[in-house]
Amino acid sequence: MMRGCTAILRRELAGYFVTPVAYIFIVIFLALTGVFTFELGGFFDAGQADLRSFFTFHPWLYVCLIPAVAMRLWAEERRGGTLELLSTLPVTRAGAVLGKFLAAWVFVGLALALTFPMWITVNFLGEPDNGAILTGYVGSLLMAGGFLSVGACVSAATRSQVIAFIVSVVVCLGFLLAGYPAVIDFFKGWAPASVVDAVASLSFLTRFDAMAKGVIDARDIVFFGSLIAVCLTLNGLLLDAGKGD
Amino acid sequence: MNDGKPVESLIRLENLCKHFGTGATRITAVESVTFSVGPGEVLGFLGPNGAGKSTTMKMLTGYLPPTSGRAIVCGRDVQTDPMWVKERVGYLPEGAPAYPDMTPESFLKFCARVRGLTGRAGHEAVSRAVALTHLEGVLRQPIETLSKGFKRRVGLAQAVLHRPPVLVMDEPTDGLDPNQKHEVRRLIRDMAREGGRAIVLSTHILEEVEAVCTRVVVIARGRVVADSTPASLAARSRYRGAVTLSLSPPAGRSPLDVLSALDEAAQVEDLGTARTPAGELVTYTVLPRAGKDLLAAVERAARTNDWKVDQMRLEPGRLDDVFRDLTGGASR
């Protein structure tokens, strides 16, 4: 069922590091988390030994950076003709989709893990709730997986990485803002309560906020898990469409 | 495998059809293609551009599902047993796609791993394919920096990595210079020699068919229009048995008149005058009337008229001529 998954995962992961892409991404990710945490988040002003100001900006960082990681996943295969090669190797569709997704997720996870000096700093300065910080990291990784699955799915629909990037940013932004008061108010005016609730429940922001505070809810894990499953299934189906060109 | 029965043909295509789109925009790429390829055969899949060669190969290798019909490889249907078939097929897609950032070494290792060849077996498979395709000198260079000829060889190495009983190549020499073409053809012949293998290669280059193929299938507008050996196909040509001769222009009667007057000649083509180190030469091709011994008649004429003949050649038939006839001289 998952044939070829590990071989593809290994190839993809190595692929990030043979070009400067990986290094640029990691450097920018770390620099921006720093800027956001210390400058915008007021880490020191808050005077609290926690990483709330660090996690708060993750969704916004991910909206721009994750589609940049995901955009090449399938669009590049389509453009380069390697999709045909990959499809005629003894690899299952599920194995290929999962292998690529996991490679991107591991890569983003690595970038996230490299923010560990943040955790050291806060432990040096005070006595934070390390359980809450761990929950924050888990939540951030889950949310990154959600964004990545959306990006992978969009990337499978096009040959152009630029289109994949732009569409992914918009879709991801949609998921983020779904919980925003402005969006909710917009729907409240005319839509039935069930629709408003449905839209609000799609929000990454609301779910992530809780996790950033250290509260982990099984429903949030299920939400991100099913989002990833739905997006990757769609990803597989999209690959079969448009093969004729 | 295959219930213990011997596998007679490694590839069997049965009424393979492919339509793209629906309704008014429906395009029929492959109308109905049927043929089979046995072990040891090198089949040239010939046709004008757009005739459906690539689409047929994509169905054969499991990339595209057929609209109807079946593609059977080593006794099993590509659609019902895709993994089983893909393990036994080596495929060089058109343009030999490969990951440009990777080196041939890492690319081939990846392909080996995907095919379940790990550790020692993987190492051996890669070394063998590298030796066969002479990639030793560029193993650590990114594929995007390689010349077209080397890229094609990387694609070929990938296709033969697992010693597949069935090898499918889409336009293996397209876009290469004459030296590279020669090299790739040599590789294909080497692969054919490894024995017991069925090879299908598509092309629209006729000299290629004559150079490497044991059989030829011609396809036009999605249908098979001929299936035979290159020699017997060429024999269908109206040039079969024609005589081409070059001679110094004689002082007397024009050779064109003499040749045209022969009972055995159906038609004479004047190929013009050329200056060669041997002096000025005029060349004619004389097409035979059916059942007549043209060569003897032309020889007689040359003797009687005291021509200084530089060269005389009996034509076995011209494949390009037959190709044009079969495919209607036009592509879509």
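## Numbering and confidence

Residues are numbered from 1 along each chain as its sequence is written, while chains are lettered from A and ligands numbered from 1 in the order in which they are written. Because the model is predicted, local features need pLDDT of at least 70 and side-chain atom pairs count only at pLDDT 80 or more, whereas totals for chains, interfaces and linings use all residues.

## The sheet and its helix

The open sheet of chain B consists of four strands in the order β12-β13-β11-β14, with antiparallel pairing. Its edge strands, each pairing on one side only, are β12 (265-276) and β14 (309-314) of chain B. On average, neighbouring strands of this sheet are turned by 15 degrees against each other, direction ignored.

Helix α10 (residues 294-304) of chain B packs on the sheet and touches β11, β12, β13 and β14 of chain B, its direction making about 20 degrees with that of β11(B). For such angles, axes are lines fitted to C-alpha atoms, for helices over the stretch in contact, and the angles run from 0 to 180 degrees between N-to-C directions; two residues are in contact if their C-beta atoms, placed from the backbone, lie within 7 Å.

## Chain B as a whole

The secondary structure of chain B comes to eleven helices and 14 strands, and its C-alpha atoms fill a box of roughly 80 × 50 × 45 Å along the principal axes. Chain B is assigned domain 1 (2-235) and domain 2 (243-315), with bounds that come from an automatic or database domain assignment, and the centres of these two domains, taken over C-alpha atoms, are separated by 44 Å.

Of the 332 residues in chain B, 42% are buried. Among contacts in chain B between residues at least 6 apart in sequence, 72% join residues at least 24 apart.

R221(B), in the loop between β9 (215-220) and β10 (223-228) of chain B, has a positive phi near 50 degrees and counts as partly exposed, with 19 C-beta neighbours inside 10 Å. D306(B), in the loop between α10 and β14 of chain B, has a positive phi of about 60 degrees although it is not a glycine, and it counts as exposed because it has 9 C-beta neighbours inside 10 Å.

## Where chain B touches chain A

In the model, 21 residues of chain B are in contact with 19 residues of chain A. On the chain B side, α2 (82-88) and α3 (104-114) each supply at least two residues, and α3(B) gives the largest share, four residues.

Technical notes
Two strands pair if DSSP finds at least two bridges between them. A residue is buried if 20 or more other C-beta atoms lie within 10 Å of its own, exposed if 12 or fewer, and partly exposed in between; C-beta atoms are placed from the backbone.
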